[in-house]
Amino acid sequence: MVDAALKPVGSVDVAVIAFDEPTFNGEVVAAISDLIAAGTVRLLDAIFVHKAEDGTVTLAEITDIDGDGIPDLVALQGDIPGLIGEDDATSVIGEMPNDSAILMLAWENTWAIRTAAAIRANGGTLVAMERSAAADVEAVLAADES
């Protein structure tokens, strides 16, 4: 286990993304790879769950994000066993319709490391944080414009 005092840590987000009638064309993987390459995030864990039309479930822990044959989570020293586990993935399967998919991602916001370290060094503690869905923000902005 990494000692937090030795390694600065940014905030960590866990996202569960649903895909109805999934047709993957590589855009999602490319966008995530770009964030990793830019140093914006460090991918810590990723699990993909697919529920076929007949209800058959495939669960895969993703390690090769960019498809080059090299496990990115290992290469990035990011895989944190148990951060997202099979139990987490299994908990969503019952709610999934057939012919759908779920992508579960955990990433560290490396862009926030410096600020998080400064806050901790000055005695600050994060006590609450909430993320607003893009659709909610867009709705507020649209209402504001009218």
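This is a predicted model: local features need pLDDT of at least 70, side-chain atom pairs count only at pLDDT 80 or more; totals for chains, interfaces and linings use all residues.
1. Let's start with a word you'll need: a residue is called buried when its relative accessible area is under 20%, exposed when it is over 50%, and partly exposed in between. The number of buried residues among its 12 is 0, so α5 lies largely in the open.

2. Now step back to the whole chain. There are 5 helices and 4 strands, and along the sequence they come in the pattern β-α-β-β-α-α-β-α-α. Of the 146 residues, 27% are buried. The chain exposes about 9,800 Å², and carbon and sulfur atoms supply 57% of that. If you take the contacts between residues at least 6 apart in sequence, 76% of them join residues at least 24 apart.

3. In β4, 9 of the 9 residues are buried, so the strand is largely enclosed by the rest of the structure. Both of its faces are covered. On one side sit Ser 100, Ile 102, Met 104, Ala 106 and Glu 108, and on the other Ala 101, Leu 103, Leu 105 and Trp 107.

4. What does β4 pair with? β1 pairs with β4 in the antiparallel sense, over 9 bridges. To find this pairing on screen, look for Ala 18, which stands opposite Ile 102 in β4. β2 also runs antiparallel to β4, and 9 bridges join the two. Here a handy landmark is Lys 51, whose bridge partner in β4 is Ser 100.

5. Trp 107 deserves a click of its own. This residue lies in strand β4 and counts as buried because its relative accessible area is 18%, with the cut-off at 20%. Setting aside neighbours within four places in sequence, Trp 107 is in contact with a whole list of residues, including Val 12, Asp 13, Arg 42, Leu 44 and Arg 131. Ala 46 is 61 residues from Trp 107 in sequence, yet their C-alpha atoms are 8.7 Å apart in space.

6. How many salt bridges are there? The count comes to 2. One of them joins the side chains of Asp 13 and Arg 131, at 2.9 Å from N to O. This pair links distant parts of the chain: Asp 13 is in strand β1 and Arg 131 is in the loop between α4 and α5, 118 residues apart. The two partners sit in unlike surroundings, as the next two values show. Asp 13 counts as buried because its relative accessibility is 12%. Arg 131, at 54%, counts as exposed.

7. Arg 42 and Glu 108 form a salt bridge too, with their closest N and O atoms 2.8 Å apart. This pair also links distant parts of the chain, with Arg 42 in strand β2 and Glu 108 in strand β4, 66 residues apart. Are these residues buried or exposed? Arg 42 is buried, and so is Glu 108.

8. Val 14 lies in strand β1 and counts as exposed because its relative accessibility is 53%.

9. Finally, two backbone spots to check. Most residues other than glycine have a negative phi. Glu 21 is not a glycine, but it has a positive phi of about 45 degrees. Glu 21 lies in the loop between β1 and α1 and, at 60% relative accessibility, counts as exposed. Asp 99, also not a glycine, has a positive phi of about 60 degrees. Asp 99 lies in the loop between α3 and β4 and is partly exposed, with a relative accessible area of 29%.

10. Ala 52 is a residue to look at alongside those two. Ala 52 lies in the loop between β2 and β3. Leaving aside neighbours within four places in sequence, Ala 52 is in contact with Asn 98 and Asp 99. Ala 52 and Glu 21 are 31 residues apart in sequence, and 9.5 Å separates their C-alpha atoms in space.

Technical notes:
Residues are numbered from 1 along each chain as its sequence is written. Side-chain values use heavy atoms; hydrogens and water are left out. Buried means under 20% relative accessible area, exposed over 50%, partly exposed in between (1.4 Å probe, protein chains only). A salt bridge is a side-chain nitrogen of Lys or Arg within 4 Å of a carboxyl oxygen of Asp or Glu. Two strands pair if DSSP finds at least two bridges between them. Contact means heavy atoms within 4.5 Å. Accessible areas come from the Shrake-Rupley method with a 1.4 Å probe; for residues, only the protein chains shown count as cover.
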